[in-house]
Amino acid sequence: MKVFVIADKCVGCKQCLRSCLYGAIDMVNNLAVINSKCTNCGACIGSCKFGAIAYEGVVAEKEKKDFSLHNGIMVVGEIFQGQLKHVSLELLGKAKELAVKLGEPACMALAGHKLGKISDEVLHYAPARLYLMDNPLLEEYQTDIYVKAMLQLIREVKPAIVLFGATHNGRDLAPRIASELYCGLTADCTELDIDQAEKILLQTRPAFGGNIMATIISPDHRPQMATVRPKVMKMPERMSDKSGEVVEFTPQIGKDDIRTRIRKVVRETTHHVNLEDAQVIVSFGRGIGDKSNIKLIEKLAETLNAEIGASRAVVDKGMISKDHQVGQTGKTVRPKLYIACGISGAVQHLAGMTGSDVVIAVNKDPQAPIFQSATYGILGDLKKVLPALTEEFKKYLKETE
Ligand SMILES: Cc1cc2nc3c(=O)[nH]c(=O)nc-3n(C[C@H](O)[C@H](O)[C@H](O)COP(=O)(O)OP(=O)(O)OC[C@H]3O[C@@H](n4cnc5c(N)ncnc54)[C@H](O)[C@@H]3O)c2cc1C
């Protein structure tokens, strides 16, 4: 697609010149003119307040679009090994909050086979509508057929917003659907809100190495699409009653839409680190010092029946595997208790654990930023603090048995 200037709209403000890294815009007679250095990156399009720069073809398409046809929020639910993923319900909870601000319904879409039990459970979380695509061909997640089915449903329902869990499957499905629908996709959002005046989705996520939080909007395309990692949004309350209209949808799919065949599912035999669902996490960072001190963390974790988390610093050092990493580029956790040992509290780490109910920080530096986010702070050397803490917890647990 080629970038071009709409001469009628250009006011000659030169704002686009500053946005172009390639020196590909000249001013001729007070009018921006794209020259041969242009890479069609599109940076100038966003910089023009007057809508005077566009991709060829997109303008015409945009003018044809009528967003009034798009309505409501659709959460694409995910089923894995016969179970609905928690993130689907977390997103439904958030979608319902947004729906109130938008004045439009919050719905869920489910693809799979023999969905009776799962769909019954979803109705306890009260979606306005639950779209079901129940088909043996959709029993296991397969990229091509899921994309095809979901696209048909989205084209039919025309939601204004579509939300996906940022899981392995969600990350596979969402960008393919976004590119087919020619709309944007904001990955790994940490907050979602509605601009009340414009009635558009505000999609917030860390940018530039986590140094800023960017709020991204998609004003010119529908649906607006975002992925959110598990545990970033709170789990909504389960109602005792069921509510929501169930709408069966039959996508036009066939055997030929499945290009890969699952011959065998081999389960991992190593201990699976389940930080996302852990109630208690004992995490350690660079302050652990020597690798042999990790046994202090293991003892405390064992006493509390906790999972072990880690900062990126120790993961990068090879002291523990990446699946233990908490933070922006690791996992987002929401335990009842998070014990941060020898972790300074960098924003990228905090991004993954500030949803914890109670945080205990052990650090020898009184200025460590982690103390600002902690419920309780213990100032001291973790080599002395951790054995004492483990003993105290052991005593307490014995007394309360
Ligand atoms: C794009 C990007 C993404 C990132 N993603 C993540 C992420 O997902 N997760 C993450 O954790 N980081 C992430 N980081 C890295 C992050 O910026 C920090 O560098 C990292 O979190 C620091 O780890 P740390 O707290 O273990 O180490 P440090 O910052 O070095 O802190 C060590 C702490 O231990 C304390 N200490 C030292 N000795 C002792 C002792 N004997 N007893 C008690 N306390 C002691 C020190 O006072 C200090 O506060 C990311 C960075 C970037 C740029």
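Q: Let's start with β13 and β14. In which sense do they pair, and over how many bridges?
A: This is a predicted model, so take everything as computed. Strand β13, residues 200-207, pairs with β14 in the antiparallel sense, over five bridges.

Q: Which residue stands opposite Ile212 in β14?
A: That is Ala207.

Q: What sheet do these strands form, and in which order?
A: An open sheet of three strands. The order is β12-β13-β14, with antiparallel pairing.

Q: Why is one side of β12 and of β14 left without a neighbour in the sheet?
A: Both stand at the edges: β12 covers 191-195 and β14 covers 212-216.

Q: What is the average twist from one strand to the next?
A: It averages 30°.

Q: Which helix lies across β12 and β13?
A: Helix α4, residues 86-102. Its direction runs at about 10° to β12.

Q: What holds strands of a sheet together in general?
A: Backbone hydrogen bonds pair them, either parallel or antiparallel.

Q: OK, new topic. Which strands make up the open sheet of seven, and in what order?
A: The order is β11-β15-β10-β5-β8-β9-β16. Here the pairing is parallel.

Q: Which are the edge strands there?
A: β11 (185-189) and β16 (245-248). Each of them pairs on one side only.

Q: How are neighbouring strands of this sheet turned against each other?
A: By 25° on average, with direction ignored.

Q: What joins β9 to β16?
A: Four bridges. β9 spans residues 129-134, and the two strands run parallel. In one of the bridges, Tyr131 has Val247 of β16 as its partner.

Q: Which strands does helix α7 touch where it packs on the sheet?
A: α7, residues 168-181, touches β5 (73-76), β10 (161-165), β11 and β15 (224-228). The direction of α7 makes about 155° with that of β10.

Q: Back towards the start of the chain. What do β2 and β3 form?
A: A hairpin, with two residues between the strands. β2 is residues 25-28 and β3 is residues 31-34. They pair in the antiparallel sense over four bridges. Ile25 stands opposite Ile34 in β3.

Q: What is the phi of Asn29 in that turn?
A: Positive, about 50°.

Q: Where do Asp188 and Asn305 sit, then?
A: Asp188 is in strand β11, and its phi is near 55°. Asn305 is in the loop between α8 (294-303) and β18 (307-310). The phi of Asn305 is also positive, near 55°.

Q: Where is the cis peptide bond at Pro223 placed, and what is its omega?
A: The bond runs from Arg222 to Pro223, with omega near -5°. Pro223 is in the loop between β14 and β15. Most peptide bonds are trans.

Q: Now the ligand. Which residues come nearest?
A: There are 26 residues around the ligand. Arg286, Ser311, Thr329, Ser344 and Asn363 come nearest.

Q: How do the residues of that shell divide?
A: Five are nonpolar, 15 polar and six charged.

Q: What lies 3.0 Å from a nitrogen atom of the ligand?
A: A polar side-chain atom of Asp381. Leu382 has a backbone N or O atom 2.9 Å from a ligand nitrogen. For Gly342, a polar backbone atom is 3.1 Å from a ligand oxygen.

Q: How much of the ligand's accessible area does the protein cover?
A: 78% of the 1000 Å² that the ligand has on its own.

Q: Last one. Which elements give two or more residues to the shell?
A: α9 (312-316), α10 (347-353) and α12 (382-399).

Terms used
Residues numbered from 1 in each chain as written. Predicted model: local features only at pLDDT ≥ 70, side-chain atom pairs only at ≥ 80, totals over all residues. Heavy atoms only, no water. Near = heavy atom within 4 Å. Polar contact = N/O pair within 3.5 Å; in protein donor to acceptor, adjacent residues only side chain to side chain. Areas by Shrake-Rupley, 256 points an atom, 1.4 Å probe, with all protein chains shown as cover. Nonpolar A, V, L, I, M, F, W, Y, C, P; charged D, E, K, R; others polar. Pairing = 2+ DSSP bridges. Axes fitted to C-alpha atoms, helices over the stretch in contact; angles between N-to-C directions. Contact = heavy atoms within 4.5 Å.
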